[in-house]
Amino acid sequence: AAAAAAAAAAGALLRMDSGESSDAAGAGESEAEKAAGRETTRMMNLTAAAAAPLLDDSDGGVREAAADLMGHLRESATVYVDLLQAKMHDGDESVRDACMDALARLGYYNPVTGGIKARGFYRTQKPRHGRGPRLGPDGKPLPRKPPTSSLSRRVLVEVGATVRVWWPDDMQFYPARVKAWDRDSDYHTIVYVDDGVEETIDLNKEKVELRYKPHKRGAKESWMPIGVNKKKKEPKPPKPPKPVKEPKPPKAPKAPKPPKEPKEPRKRKEKAPKPPKPPKRVKAEKPLKPEKPKIPRKAAVTIVSVAKGTAVAAGTQIRVWWPLDDAWYGGEVKRYNLDSKLHTVLYYDGVEEDLNFDKEKIQAVMTEGGEGGGEGDCEGGGCGAGGMPLIPAVNGLPALRVPIIGGDQVGWLLPNTRRGMERIGYTVPSTSGKGGSSRGIGGEVGEEVTCSAVEFDARFVKDWAGARRWRRSLRYDPSRA
């Protein structure tokens, strides 16, 4: 039977190679030629299916002839490439040579390098409508794959694939390799990677995921869930038909109503004239409500980053970023050294430091706008940058100064709302032992100057033994309140 099928297939191949055709010269293939091509493909498929079992025959000559025949069946033999590759290690040398020659004809073997290729000269044959079922290595028709979709996917687990099985007691997956598959019982034999334990399970009843590695370079592998098929919902029983209502009997015609008697027209009563309404009272004018005092608008604070290579003027309020403390610390620029390019910054807590603004994160703090008072609100040093009041007036009353004494020097604690920016105004006293110099502490003698509370404490409080805290060393002076 194999020899007869091989002869028929060889004749078909000769007809295909010689181009035997009667009327297909310029008008294209006719229906008869298409039918003949389909019949030739079917015969080649049957020949390959009949010759495949002969590759395992006990006679070496039969195996050699079957392998040689496979090399002439083109795409029909691509289904059995694995068998030919396995027979390349046959004990008979002639069988090995025949298998190598067949694989070289099909394009799966390079006789020069001895390498095996993944793709050959012909496309791997797939079953199509009207061409018969696809046959497996054993000559039996392979089961047809069900249609797959992204929502309900049935995955075909091949031998050698990597899966991971869910163990509910351990609450984790364990990887395993598929060793074998029983087609009749649909049971898979797997070997766990961690401990080498072998187990036969039904993947449809277990929670199993198949490793999927895309062919695209750089794509991440993923795990596709298989098994534990969801139970289909049972269709609900059809509702019983509604009972047919019996038609109602027709209603009897109503008797005509007798005509109504005409009514006598009513006589209208003459109404008495209404008395005139008294004149409306004139409402007294309400006194005007006093205008509510406008709440003063707070000064707008603008934060501007200091660019590198910029010299900041003395008296500018800034803030410095301390990365280790993850916080901003405010201060005032006292002076700038042109030679060293360093700015002297006095922090609000009294610490003075020389900084290179090109190596630090510095922001300038400026206040603009604001209402609530006039020039009187800035009396006593209660103004910030730009001459704006730091303490708004309340009901038209400006903030007041507080009389204090530091050591033997009297001064005024100026109003300020920001902690660390407290300033004290005082009159510069004369110093003894200076040869009658007009220069005093902090300025000219008799000049009214201001300084920070920390500087005032350091200049005039000399007999303080504890920690330097100006809030403790300065005293309130009620005589000048």
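**View 1. Surroundings of Gln317 in the predicted model.** Gln317 lies in strand E8, residues 317–322; here strands (E, at least two residues) and helices (H or I, at least four residues) are DSSP runs, numbered from the N terminus. Leaving aside residues up to four places away in sequence, Gln317 touches Gly331, Glu332, Tyr348, Gln363, Ala364, Val365 and Met421, where contact means heavy atoms within 4.5 Å. The side chains of Gln317 and Tyr348 are joined by a polar contact of 2.5 Å. A polar contact is a pair of N or O atoms within 3.5 Å; within protein, one must be able to donate a hydrogen and the other to accept it, and residues adjacent in sequence count only if both atoms are side-chain atoms. Gln317 counts as buried because its relative accessibility is 13%; buried means under 20% relative accessible area, exposed over 50%, and partly exposed in between (1.4 Å probe, protein chains only).

This is a predicted model, in which local features need pLDDT of at least 70 and side-chain atom pairs count only at pLDDT 80 or more, while totals for chains, interfaces and linings use all residues. Residues are numbered from 1 along each chain as its sequence is written, and side-chain values use heavy atoms, with hydrogens and water left out.

View 2. Strand E10 (residues 342–347) and strand E11 (residues 352–355) run antiparallel and are joined by 4 bridges; two strands pair if DSSP finds at least two bridges between them. Leu346 has Glu352 in E11 as its bridge partner. The hairpin has 4 residues between the strands, and Gly350 takes a positive phi near 95 degrees.

**View 3. Helix H5 and its buried side.** Helix H5 (residues 93–106) has 14 residues and reaches 20 Å from its first C-alpha to its last, close to the 20 Å expected at 1.5 Å a residue; the expected span is 1.5 Å times one less than the number of residues. Val95, Ala98, Cys99, Ala102, Leu103 and Leu106 are buried in H5. They lie on the same side of H5 because they cover an arc of only 130 degrees around the axis, the arc being that of the directions from the helix axis to the C-beta atoms. These buried residues pack against helix H3 (60–70) and helix H4 (81–87). Gly107, which follows H5, has a positive phi near 95 degrees.

**View 4. Pairing of E1 and E5.** Strand E1 (residues 162–167) pairs with strand E5 (residues 208–212) in the antiparallel sense over 3 bridges. Val163 stands opposite Leu210 in E5.
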